[in-house]
Amino acid sequence: MNIVIVESAAKAKTINKYLGTDYKVLASYGHVRDLPSKNGSVEPDNDFDMHWDTDSKSAKILKEITTAVKGADKLILATDPDREGEAISWHILQVLNDKKVLKGVEVERVAFNAVTKSAILDALAHPREIDQPLVSAYLARRALDYLVGFSLSPVLWRKLPGSRSAGRVQSVALRLICDRELEIEQFQPIEYWSVISDLKNKDGQPFQASIYSENGKKFDKHGISNEAEAHRIRDALKASTLKISSVKAKSVQRRPYAPFATSTMQMDAARKLGFSARQTMQVAQKLYEGIDIGGETVGLITYMRTDGVQIIPEAINEARRVIGEDYGQNYIPSSPRIYKTKAKNAQEAHEAIRPTELSRRPKMIAKYLGKDELALYRLIWQRTIASQMEAAVMERTTADIDASSDAGVFQVRAVGTVIKFDGFLKLYEEGRDDNSSDDDNLLPPLNEGEPCSFEKVDAKQHFTQPPPRYSEASLVKRLEELGIGRPSTFASTLSVLQDRDYVRLEKKRFFPEDKGRLVTAFLESFFTRYVEYDFTADLEDKLDLISDGKLEWKDVLKDFWTDFTAAIDETKDLRISAVLDALNEILGPYVFPATEDGSDPRKCPSCEDGQIGLKVGRFGAFVGCTNYPECTFTRQFNQSNEEASLGESGDKVLGEDPESGLLIYLKTGRFGPYVQLGDGETKDKPKRASLPKGQDPEALDLPRALQLLSLPREVGAHPETGKMITAGLGRYGPFVLHEGLYANLPNAEDVFTIGLNHAVTLLAEKAKSGGRRGAQALKELGDHPELGGAVNVMSGRYGPYVKHGKINATLPKDKEPETITMEEAVALIAAKADKKPAAKKKTAAKKPAAKKKATTAKKPAAKKKAAPKKSTAKAAAKPKSTATAKKADATEASADDTSEPEA
């Protein structure tokens with residue numbers, strides 16, 4: 001029996017049908033091992049020794065593979081043909097060697113670029129060894145990402161509370177977005193005018209021309225700078241006689257685009273289909289692994305993670321045949337088009353992304369594909385076919401018309417393009433972020449020496465525009481141009497930035513969040529080298545040289561680690577005040593914009609003699625006054641002082657509560673606008689309610705405020721239990737609740753309108769899909785790396801939290817329970833443990849025993865800290881350090897915070 005290992009079940013199912021009974025195809029379901037999220041997974045002081053861990057799911061898969069391999073004749077490692085695929089095969093081989101089950105078993109590595117019968121049989125006929133340089137490149141990347149993350153992230157936590165993480169590539173991508181935003185904010189628009197003439201030729205056919213020169217002096221694009229100048233030219237043209245002085249026609253060719261590589265596929269899918277990079281890769285994965293086409297499962301495209309743009313000769317010949325059949329012989333170039341890869345890296349698969357059979361037209365398989373699958377397949381098919389079509393032939397015509405008057409001789413110019421032969425454009429044109437073009441005009445017949453006449457002349461005002469924010473397509477393009485990251489990782493990089501609330505995507509453009517700008521400013525101030533574009537690109541080049549076998553991976557790590565640890569060490573004694581001073585300087589134009597009257601933008605609007613600046617608190621950074629606690633003025637980054645002052649010196653009165661007679665106020669606190677019942681001067685804490693996401697404070701009226709203050713709303717008694725179902729707004733959005741079981745609602749308005757039947761249905765569906773009740777485990781993280789004992793993510797009455805023994809630590813507001821790692825959980829638990837003695841110290845007079853017990857409980861942890869330090873990486877990432885504990889304390893939200901906003 002021959003055992004074949006691939007990554008996915010879908011791929012295994014497809015390949016099983018191609019091979020006979022002598023083969024058994026098993027799926028590894030991706031990577032079977034990874035570096036655990038704890039200290040010591042990579043040991044720089046021990047020659048970068050790496051300690052791999054297998055989770056419970058992968059352990060079951062490895063057990064199945066191990067059982068199958070025992071007694072097998074041959075093990076065939078058939079994972080993907082890129083770096084990650086090579087690494088998966090290497091990991092499986094390492095595990096099986098450790099288990100000593102490969103004695104007498106022949107081991108082969110095969111790679112194929114398409115999940116088709118012919119490609120697989122050809123790969124099996126040409127086995128090879130594991131590509132060790134490619135594995136070394138993987139090890140270097142994985143170690144670098146771990147060391148940067150586990151060393152730099154804790155520094156952020158300690159020095160910049162509210163920050164979540166930093167990464168080798170993500171931090172540079174974030175800087176690109178933040179730098180572009182700064183360009184936009186600092187951009188000074190320049191006024192300019194255009195003078196456009198609507199003309200007619202001698203036969204009365206219309207066309208347009210723009211002012212080009214005056215008395216032989218050419219105007220540049222922004223040459224007409226004011227209205228008076230524009231009107232002078234307009235009036236002179238109106239009084240002129242027109243004559244065509246020259247007509248020049250030039251034939252130009254537009255050659256087709258190369259077939260898709262990963263990055264260009266992501267760019268065009270974003271522009272034409274509106275797909276995110278992640279969505280594009282997910283749909284492409286399905287097309288690659290196999291689709292059921294009339295009872296036969298077949299891979300429809302070649303491997304989708306590649307920098308290559310070349311395609312094999314057989315595919316080129318098939319493309320030329322399809323072109324002839326569908327479009328005619330004149331659309332086939334005299335010789336095949338050969339494309340060469342421009343990318344420097346060598347660790348990706350080498351052929352372009354193309355259909356496995358070009359004769360399989362999109363319309364032939366449309367009924368077997370979902371909407372997204374068909375759209376992407378059509379795009380790939382069109383791009384591949386177009387890449388082998390004849391060039392488009394265009395005639396670009398430029399006509400200069402003299403306008404003579406007493407004011408002088410002006411010249412206007414008309415430019416147009418006519419397609420003489422559409423060539424590849426008959427099938428495909430690449431999408432663009434900016435669809436404007438000067439060559440889209442069509443010109444009527446124009447001949448030199450002929451007269452023209454004016455219809456009208458308009459002078460129009462314009463202003464120069466700032467550079468556009470990055471779209472997914474343009475950001476991927478920029479990253480590729482700079483040589484930062486690799487196309488196969490762009491999708492995950494962009495997703496991480498959004499998941500961590502560093503950026504948001506609005507109208508298909510990236511906007512940096514305040515948190516992202518803070519992180520970027522911090523890194524630029526104290527880790528300048530590691531967010532420089534050239535440094536990151538140079539490191540990528542070194543990683544590529546490793547994959548080529550030209551550099552030793554551990555040498556690259558040693559060089560990097562020596563300088564990086566020195567930079568980390570320099571921040572150990574860095575005081576938060578110094579960090580804030582640096583951030584105030586860098587972010588000053590954004591956080592403290594210049595005032596119209598020229599007064600000091602940092603003067604406190606509340607106390608008048610204080611200075612406002614960045615502060616750090618439990619939930620991150622905000623703007624506060626230097627005279628705190630005497631002055632309590634605070635505001636968010638994106639607020640102006642005037643907006644923030646609403647909550648300080650003139651809360652907006654919305655009206656009177658009809659039940660209590662108390663006034664209802666619209667206030668603005670550090671965490672945004674909220675409504676409050678009463679002025680808060682009584683001994684009882686006033687009832688408050690945050691405004692839901694998307695609610696415009698300016699549009700808030702009394703009825704809406706009363707609605708918000710009425711929450712949670714009783715929907716009705718559950719028909720089975722008789723217990724009340726309530727609806728409300730929580731940390732994670734609108735919900736319905738019944739006996740500890742939460743079910744999310746699509747939007748905030750549903751909280752006020754949902755009926756009993758709909759609520760019961762949602763709760764039933766949630767329970768059926770594994771919804772949790774009360775304090776139950778959402779995720780098992782494993783044993784505590786230092787103290788032992790299970791660490792779990794739990795679901796509780798007030799939201800998710802991590803639990804270790806008797807210690808419960810609430811998750812930060814911006815952290816999803818499914819994404820929490822052991823390292824983050826340990827930091828939260830350590831912070832909670834460190835807080836307990838301080839809390840009990842306040843009641844020491846009443847409970848001296850509790851204080852003594854808390855002190856005793858900390859001794860083992862202190863003893864453990866005194867253990868010999870193995871590496872700087874461990875020290876930098878130590879989750880139980882006081883600074884990290886403070887960070888976890890700063891981001892931890894208590895159960896009480898979920899009911900009312902902080903003013």
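The chain holds 17 aromatic pairs, where rings of Phe, Tyr and Trp (its six-membered ring) pair if their centres lie within 6.5 Å, and planes under 30 degrees apart count as stacked, over 60 as edge-to-face and the rest as tilted. In one of them, Tyr288 and Tyr303, the ring centres are 5.2 Å apart and the planes stand at 65°, so the pair is edge-to-face. Tyr288 belongs to helix 9 (residues 277-289), while Tyr303 sits in the loop between strand 12 (296-298) and strand 13 (306-310), so the pair ties together parts that are 15 residues apart in sequence. Helices (H or I, at least four residues) and strands (E, at least two) are DSSP runs, numbered from the N terminus. Tyr288 and Tyr303 are both buried, a term for under 20% relative accessible area, with exposed meaning over 50% and partly exposed in between (1.4 Å probe, protein chains only).

The model is predicted: local features need pLDDT of at least 70 and side-chain atom pairs count only at pLDDT 80 or more, whereas totals for chains, interfaces and linings use all residues. Residues are numbered from 1 along each chain as its sequence is written, and side-chain values use heavy atoms, with hydrogens and water left out.

A tilted aromatic pair is formed by Tyr331 and Phe421, with 4.9 Å from centre to centre and 40° between the planes. This pair links distant parts of the chain, 90 residues apart: Tyr331 is in the loop between helix 10 (313-327) and strand 14 (349-351), and Phe421 is in strand 16 (residues 408-421). Tyr331 has 8% relative accessibility and therefore counts as buried. Elsewhere, ring pairs join Tyr530, Phe535, Phe560, Trp561 and Phe564 into a cluster.

Charged side chains also meet rings. A charge sits over a ring if NZ of Lys or CZ of Arg is within 6 Å of the ring centre and within 35 degrees of the ring normal.

| Charged residue | Ring | Distance from ring centre |
|---|---|---|
| Lys272 | Tyr428 | 3.9 Å |
| Arg413 | Tyr212 | 3.8 Å |

For the chain as a whole, the secondary structure comes to 26 helices and 34 strands. Of its 903 residues, 51% count as buried. The chain exposes about 43500 Å², of which carbon and sulfur atoms supply 48%; accessible areas come from the Shrake-Rupley method with a 1.4 Å probe, and for residues only the protein chains shown count as cover. Among contacts (heavy atoms within 4.5 Å) between residues at least 6 apart in sequence, 68% join residues at least 24 apart.

Four strands make an open sheet with parallel pairing, in the order 2-1-5-6. Two strands pair if DSSP finds at least two bridges between them. Strand 2 (23-27) and strand 6 (106-109) stand at the edges with a single partner strand each, so one side of each lacks a neighbour in the sheet. Strand 5 (residues 74-77) pairs with strand 6 in the parallel sense over four bridges, and Ile76 has Glu108 in strand 6 as its bridge partner.

Antiparallel pairing is found around strand 8. Strand 7 (residues 191-200) is joined to strand 8 (residues 206-214) by five bridges, with Pro206 in strand 8 as the bridge partner of Lys200. Strands 7 and 8 form a hairpin with five residues between them, and Gly204 in the turn has a positive phi of about 85°. Strand 8 also runs antiparallel to strand 16, joined by four bridges, and Ser213 stands opposite Gln411 in strand 16. Two bridges pair strand 8 with strand 9 (residues 217-218) in the antiparallel sense, and here Ser213 stands opposite Lys218 in strand 9. The hairpin of strand 8 and strand 9 has two residues between the strands, and Asn215 takes a positive phi near 50°.

Phi of Asp47 is near 55°, a positive value in a residue other than glycine. Phe48 lies in the loop between strand 3 and strand 4 and has a positive phi of about 55° although it is not a glycine. Asp47 is partly exposed, with a relative accessible area of 39%, whereas Phe48, at 4% relative accessibility, counts as buried.

Two cis peptide bonds can be described. One joins Tyr628 and Pro629, with omega about 10°; Pro629 lies in the loop between strand 21 (620-625) and strand 22 (634-635). Another joins Leu711 and Pro712, with omega about 0°, and Pro712 is in the loop between helix 20 (702-709) and strand 27 (713-717).
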